[in-house]
Amino acid sequence: MLNLLEYVLRGLLTGAVYGVLALPLSLVFLTTTTIDFAVGAYALVAAVVAAQIGGVFGLVAGLGAAMACSAVLVFVLVLLKRQRGDYRISFILASIGLVVALSSLVFWAKGPTALLNGTVGGVAHLGPLILPYAGLINLAVGVSLLAMLQVVLFKTHAGKVMRATAINPKAASLAGIRVPVVEASTILAGGLLGGTAGILLYYSSGLDFNSPLTLSFAGFGAAVIFGMERPLRCFVGGLILGVVEAISAGYASGAVASMLPMLFVLLVLSVSHAGSARFSGDRP
Amino acid sequence: MKSLRMHSNALAVAAIAVGGGLLVYGKPAAVDTAIVAGIFALIALSAGLIYGQAGILSMTQGVFAAVGAYTTAVMTTRFGWSPFATFAMSIAIPAALALCMSPIVNRLGPLAVALGTLAFAKLLELLIRSWDSVTGGYTGIAGIPPIPGAGQPLVYAALVWAVLTAAVWCYENVMNSMFGGALSTSRHDRARAAADGVAVGTLLSTTYALSACFAGVAGWLYAHHIGFIDPHSLDSHLSITVMLMAVVGGAGVVVGPVVGALLLTVLLQVLPAQEVQGLYFGFALIAVLVFAPEGLLSRSVLKSIRAQVHRWGQQDSAPETQDTKAGLP
C-alpha cells in the first residue's frame with residue numbers, strides 16, 4: 001500500500017511536467033482550433049540555452065529563445081490563414097517540421113548528450129515516503145502556472161478577449177477584438193510555457209535532442225484525456241498520465257510499463273469524446 | 001490512348017526509373033541512393049494514399065514498413081523460407097494490423113487521429129524492441145538473405161523501381177475506379193458519401209489496409225536490400241519523414257509522394273553535414289506548406305509554372321515580332 005502511495009506521488013510529480021506541456025496545447029487549441037506540436041521543441045531549446053548560458057540569466061534567455069522559436073509559427077499561421085481552405089492540418093505539419101528542424105539544430109550544436117542539471121538534488125522525507133526535491137518543484141511550478149492561467153483566463157480582460165476569440169472568432173472580430181493578435185499572443189505564450197517545461201526537465205529528469213516529439217506526444221496525450229477546452233482539465237490529464245506511467249513502471253515489467261501509457265492514450269481516444277467533432281473540427 | 005492517359009503517373013514513374021537508371025549506371029553509391037529513394041518513395045506513396053486521398057494523418061506508415069521487414073526477416077532467417085514466399089506475409093500482416101486499428105482511426109477527428117496512430121506506432125515499436133525471442137530485441141536480426149536473382153545492386157534498383165511503378169499503377173487504378181470516386185467524395189463530405197450509399201467506415205478501413213500493404217512491400221524490399229533490421233531501421237520517425245515527403249511532393253497527387261521522396265532523398269544525400277539534414281528538411285517542409293500548400297506538384301503550382309514559362313516565351317518573342325513588323329513595307 002505504501003509502495004502504491006509512493007508511486008502515485010511520484011507519478012504526480014512527473015505528471016506535473018506533462019501538465020505544463022499540455023497547457024500551451026490547450027491555449028493554442030482554444031484560440032486557433034489547431035495544435036502546436038512544437039511544444040516539445042520549445043522545451044528543448046529553452047533547456048539548451050539555459051545550459052549554455054547558465055544562471056538566472058540563462059533561464060530568462062532560455063524562455064526567450066523558446067518564445068522566439070514559437071514566433072516562427074506565428075508567421076506560419078499568418079501566412080497559412082491567407083490561403084484558401086483548411087489551414088489547421090497544414091499548421092500541425094508545419095509545427096512537426098519545426099520540431100524536426102530544431103531537434104536537428106540541437107543535435108548539430110550539442111551532439112547526443114543529455115542535458116541535465118543536477119543542482120536541485122536531494123530528496124524530501126515525508127514519513128516513510130521519499131520524494132525528490134526537483135519533482136516537488138516541478139509540481140509547485142506547474143500548479144502555480146495553472147493558477148496564474150486560470151486567473152488570467154477567467155478574471156482579466158485579456159482572458160475575456162481570448163475566450164471570446166475561442167468561442168466565435170468572427171463575432172469577436174466584429175466586436176473589435178484583433179483576433180490575429182490574440183492568436184499570435186497565444187502561440188507566443190505557448191512558447192513560454194513549453195520553455196518552462198523544458199527548464200523544469202533540465203533540472204529534474206533531463207532531456208536530449210530526441211525528446212521533443214516524445215514530450216509533445218506526452219503533452220498532447222495529457223491534453224486529450226479530459227478534453228482540450230480547459231487548461232485545468234489538461235493539467236489534471238497530465239497528472240493522471242504521470243500516475244499511470246509511475247504505477248505501470250512500479251508493478252509491471254519494463255516492456256509492459258513502457259507500453260501502458262500508449263495503451264492508455266489509445267483507450268482514452270477510443271472511448272472519450274476526443275474523437276468527436278467538438279474535439280478538433282471533424283473530418284467533414 | 002485512354003488507357004495511357006489513365007496510367008500517366010505510372011508511366012511517369014517508369015520514365016523516371018529509366019532516366020535515373022541511365023544516370024546512376026556504373027556508380028555504386030548512386031545506385032544505392034536510387035534503391036533507398038525507391039523504397040522511401042513506396043512508403044511515401046502509402047502515406048500519400050492514406051493522407052492525400054482518405055484525409056487520415058497517419059503516423060504508422062514507417063512502422064508498417066518495419067512490420068513487413070521483420071516478417072520477412074523472421075521467416076527467412078528462422079524458418080528458412082524463400083524471400084518470395086514471405087512476400088505475401090509481409091503484405092498481409094501490416095494490412096491486418098491496419099484493419100485492427102481502423103475502428104479507432106475512423107471515428108477520430110483529423111487532429112486526434114495523428115495522436116492515435118502515433119500511439120499505435122510507438123506501441124508496435126516497443127513490441128518489436130521487447131519481443132527478444134522473435135525480433136532479436138535491440139540487436140535486431142542479421143543475415144537476411146538477398147532476393148534470388150536480384151543480388152546485383154543495379155538489378156535490385158530495377159526491381160525496387162519496377163515494384164514502385166506497379167504500386168503507382170495499382171494506386172491509379174484504385175483512384176480511377178468507383179472505389180476512388182467514393183473515397184474522394186468521402187474525403188470532401190462524409191455525410192454526402194454516406195447518403196450516396198457508401199459504407200464510409202469500410203471504405204476508410206480498406207484504404208488504410210491498402211496503404212499498409214504498400215508500406216509492407218517497402219519493408220520487404222528494405223530488409224532484403226540491407227540484410228539487417230533493428231528497431232531503429234524503420235521507426236515512427238520515418239513515419240513522420242515519409243509524411244513530410246508526401247506533403248512536399250503533393251499528397252493529393254498520385255505521383256506527388258514519389259517526387260517528394262526522390263527530391264528529399266537526393267537532397268539529403270548531397271547536403272554536406274548529416275547532423276543538420278533535419279534542419280533543411282524541417283524548414284523545406286514549412287516553406288512548401290506556406291508557399292505551395294498542396295505540394296510541389298499541385299495544380300496551382302503547375303499552373304503558375306506554366307504561366308511563368310508562357311510569360312518568358314512572350315518576352316522572348318516580343319522583340320522578334322517588332323522587328324518583323326518593322327521590316328514590313
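Residues are numbered from 1 along each chain as its sequence is written, chains are lettered from A in the order in which they are written, and side-chain values use heavy atoms, with hydrogens and water left out.

I placed A:Cys69 in helix H3 of chain A, a helix here being a DSSP run (H or I, at least four residues) numbered from the N terminus. A:Cys69 is buried, at a relative accessible area of 13% (buried means under 20%, with a 1.4 Å probe and protein chains only).

I then turned to the interface. I found 47 residues of chain A in contact with 52 residues of chain B. The area buried between chain A and chain B is about 4100 Å² (accessible area, 1.4 Å probe, lost on being put together and summed over both), and carbon and sulfur atoms give 76% of it. H4(A) gives the most to the side of chain A that touches chain B, with 14 residues.

Finally, I checked confidence (pLDDT, from 0 to 100 for each residue). Chain A has a mean pLDDT of 84, but pLDDT stays under 50 over residues 275-284 of chain A. Where pLDDT is low, the predicted coordinates should not be read in detail.

Definitions and conventions
Predicted model: local features only at pLDDT ≥ 70, side-chain atom pairs only at ≥ 80, totals over all residues. Contact = heavy atoms within 4.5 Å. Buried area = accessible area lost by both parts, 1.4 Å probe. Helix = DSSP H or I, 4+ residues; strand = E, 2+ residues; numbered from the N terminus. pLDDT = per-residue confidence, 0-100. Buried < 20%, exposed > 50% of the residue type's maximum accessible area, 1.4 Å probe, protein only.
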